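Take a walk through this model, one part after another. Keep the sequence and the 3D view side by side as you read.

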Amino acid sequence: MSHSQSRHLVRREMKYPIFLLGMFIIIAGGIGVQHLGVPVSTEAATVALGFVLVVLGLVIE
Amino acid sequence: MHNNQIVEVFSTGIHRNLQKSVAKYFFPYEFIESNWRLWTFIIIIALGSWALIAYPVSPINGYIDPFYSPTVLIVPIPGLFRLTCYAYRKDYHRHLFHHPLACENTEREDAATRRYTGEKNAVFQFENLHRYLLYAGILLLPFFYYDFYVSLTYANSLRIGSLVILANALTLTAWTLSCHAFRHIIGGNIDCYSCARAGGARNSVWRIQSWWNSRHEALAWISLLTIFFTDLYLRGLTAGLPIDHILFNF
């Protein structure tokens, strides 16, 4: 297996966990922390991070 | 025996028993094997559904959240339309079930014991309902444009939030109308365009739709992300973030 092939396989294996982690951060970070007194800006940044991870999980191949 | 080997023997045993019985038509391999991908996804979806119910977004400044517009009453229809979409089918077979990984791929080395059954078993036959769910999906589209209209008339102005709602309506329209089943309806079902009534026009429309259809997978994900973005945008507004501005008044 060539180096580029193995990198492709690693990326494909990471694709789904990154997508899943992003979904979890959006849900837990965006809604769950409402009860923890976290500032809205921190909450928004957390959700934005989750959104970026979801998109990253979708586009890497 | 290594833990992985135990799981493998256990799974193989289930597969062997299933192959002998009619149960395989009702409980596809994909749902019974030890598959962390599928079950973590189901947990995330359950958590997300609970969060959507527990933390609703009220209409704010004339904006209606797509998850909480009146169309939410028939949410199983767009939900099933999306679940049976060809683009998502490819993705959940590859990334959730890990089977098949690709066309003619023997990487799992279980092609002989665990053949891809397509839509033959009772569960995956539901995927064939996609062509009928398309009609319901098309009927829902005007409601998203109505939400955009309501947001415009609320303060007689065009605001950033209205553009977000419009983007949501447009991406949903692009995804729905680039559907493979729609391609069949508008021209794919014709064998001879020159013999059919209005064949030339239908061929032109079919060609345009085919261009969009080849991007159906990207549109499926973009439209889903846009729904989530619209929801999060309105949650941000509700939380008091200064992210909405008037672009111009009518």
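From the N terminus on, chain B reads α-α-α-α-α-α-β-α-α-α-α-β. That gives 10 helices and two strands. The model is predicted. Its scores are ipTM 0.85 and pTM 0.85.

How confident is the predictor in chain B? The mean pLDDT of chain B is 84. A value of 70 or more is reached by 84% of its residues. Helix H1 (residues 3–20) of chain B has the lowest mean pLDDT among the elements of that chain, at 54. Helix H7 (residues 160–177) of chain B has the highest, at 95. Where pLDDT is low, the predicted coordinates should not be read in detail.

Now look at chain B as a whole. It has 250 residues, and buried residues make up 18% of them. Take the contacts in chain B between residues at least 6 apart in sequence. Of these, 71% join residues at least 24 apart.

Next come the helix pairs. Two packed helices are described by the angle between their axes and the distance between the axes. Start with helix H6 (residues 130–154) of chain B and its partner H7(B). They pack at an angle of about 165°, and their axes are 9 Å apart. An angle over 145 degrees counts as roughly antiparallel, so H6(B) and H7(B) are roughly antiparallel to each other. Their crossing is left-handed. H6(B) brings residues including B:Leu141, B:Phe144, B:Phe148 and B:Leu152 to this contact. H7(B) brings, among them, B:Ile165, B:Leu166, B:Ala169 and B:Leu172. By class, the contact of H6(B) with H7(B) has 10 nonpolar, seven polar and one charged residues.

Move on to helix H8 (residues 180–188) and helix H9 (residues 199–213) of chain B. They pack at an angle of about 165°, with axes 9 Å apart. H8(B) and H9(B) are therefore roughly antiparallel to each other. Their crossing is left-handed. On the H8(B) side, the contact includes B:Phe182, B:Arg183 and B:Ile186. On the H9(B) side, it includes B:Arg202, B:Val205, B:Trp206 and B:Gln209. How do the residues of the contact of H8(B) with H9(B) divide by class? Four are nonpolar, seven polar and two charged.

Find it in the loop between helix H3 (36–54) and helix H4 (76–83) of chain B. Why does B:Ser69 count as partly exposed? Because B:Ser69 has 17 C-beta neighbours inside 10 Å, and a residue is buried at 20 or more and exposed at 12 or fewer. Leaving out residues up to four places away in sequence, B:Ser69 touches B:Ile64, B:Phe143 and B:Asp147. B:Asp147 also belongs to the H6(B) side of the contact with H7(B). B:Ser69 and B:Ser162 are 93 residues apart along the chain, and their C-alpha atoms are separated by 15 Å.

Finish where the two chains meet. The contact takes 13 residues from chain A and 16 residues from chain B. On chain A, helix H1 (3–30) and helix H2 (40–59) each supply at least two residues of the side that touches chain B. H1(A) gives the most, with seven residues. By class, this side of chain A has 11 nonpolar, one polar and one charged residues.

Notes
Residues numbered from 1 in each chain as written. Chains lettered and ligands numbered in written order. Predicted model: local features only at pLDDT ≥ 70, side-chain atom pairs only at ≥ 80, totals over all residues. Axes fitted to C-alpha atoms, helices over the stretch in contact; angles between N-to-C directions. Helix = DSSP H or I, 4+ residues; strand = E, 2+ residues; numbered from the N terminus. Parallel < 35°, antiparallel > 145°, perpendicular 65-115°, else oblique. Left-handed = near helix turned anticlockwise from the far one by under 90°. Contact = placed C-beta atoms within 7 Å. Nonpolar A, V, L, I, M, F, W, Y, C, P; charged D, E, K, R; others polar. pLDDT = per-residue confidence, 0-100.
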